[in-house]
Amino acid sequence: MTKMYPFEPAEAPPEYRGIPRIDPVLCIGCGACANACPPNAILRIDDPESGMRRIVLDVGRCIRCARCEEVCPTGAARLTAEFEAATDDRRDHVEVVELKLARCRNCGRYTHYTERQVAKVLSLIPRGILDFDRVREKLPLCSECKLKLTVLNATKFGEGE
């Protein structure tokens, strides 16, 4: 039977890999999707001046491979059943999620982690197995302060014996 497309919406089959979307509420800004994206349709861009990380999805570059969905630890990156990508405005193909970078607990500079990443890691630490306070003390530290702390702890190793 002939459908009245585009006046009547057409449904994609359930196995169809449609346009990807990133849920800004679930995204922690880890960039796993950007690392796994073969055509670089997803970019992770840090701005240390403003302390923001941008996850930029360009649907026009996406090949619908679903790697972003497979590697996303929170389920924020998902393929939808949407298939209509035609638009008059190229900006309609670009989706941006902005997240705050965490500040180093020691020096106050921005780290390479978002605040949501730090919160997610702290929520995953099993109580009673790891020294939660010690891990929390190191999160978030910038790379330079983490290196200094590691060297300091290494030089103290064996002093108490």
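Select F83 first. In this predicted model, F83 is partly exposed, with a relative accessible area of 31%. F83 sits in the loop between β4 (77-79) and β5.

Y16 lies in the segment before β1 (20-22). Y16 is also partly exposed, at a relative accessible area of 35%. That value falls between the 20% and 50% cut-offs, so Y16 counts as neither buried nor exposed.

Show both rings. How many aromatic pairs does the count give? The count comes to 1 aromatic pair. The ring centres of Y16 and F83 are 6.2 Å apart. Their planes stand at 85 degrees, so the pair is edge-to-face; the cut-off for that class is over 60 degrees. The pair ties together parts that are 67 residues apart in sequence.

Next, go to strand β3, residues 52-58. Colour the strand by accessibility. β3 is mostly covered, with 6 of its 7 residues buried.

Pick R53 within β3. Is R53 buried or exposed? R53 is buried, because its relative accessible area of 2% is under the 20% cut-off.

What does the side chain of R53 contact? Display D46 and G29. The side chains of R53 and D46 are joined by a polar contact of 2.5 Å. A polar atom of the R53 side chain also lies 2.6 Å from the backbone oxygen of G29.

Step out to the strands that pair with β3. Select β2, residues 42-47. β2 and β3 run antiparallel and are joined by 6 bridges. For a landmark, find D47, which stands opposite M52 in β3.

Then select β5, residues 94-103. β5 and β3 pair in the antiparallel sense, over 7 bridges. Here the landmark is D58, which stands opposite V94 in β5. With β2 and β5 both displayed, β3 can be seen pairing antiparallel with each of them.

Last stop: R103 and Y110. Where is the charged end of R103? The charged end sits over the ring of Y110. Its distance from the ring centre is 4.1 Å.

Another is buried R53, with its side-chain contact to D46. The other is R103 over the ring of Y110.

How values were computed
Residues are numbered from 1 along each chain as its sequence is written. This is a predicted model: local features need pLDDT of at least 70, side-chain atom pairs count only at pLDDT 80 or more; totals for chains, interfaces and linings use all residues. Side-chain values use heavy atoms; hydrogens and water are left out. Helices (H or I, at least four residues) and strands (E, at least two) are DSSP runs, numbered from the N terminus. Buried means under 20% relative accessible area, exposed over 50%, partly exposed in between (1.4 Å probe, protein chains only). A polar contact is a pair of N or O atoms within 3.5 Å; within protein, one must be able to donate a hydrogen and the other to accept it, and residues adjacent in sequence count only if both atoms are side-chain atoms. Two strands pair if DSSP finds at least two bridges between them. Rings of Phe, Tyr and Trp (its six-membered ring) pair if their centres lie within 6.5 Å; planes under 30 degrees apart count as stacked, over 60 as edge-to-face and the rest as tilted. A charge sits over a ring if NZ of Lys or CZ of Arg is within 6 Å of the ring centre and within 35 degrees of the ring normal.
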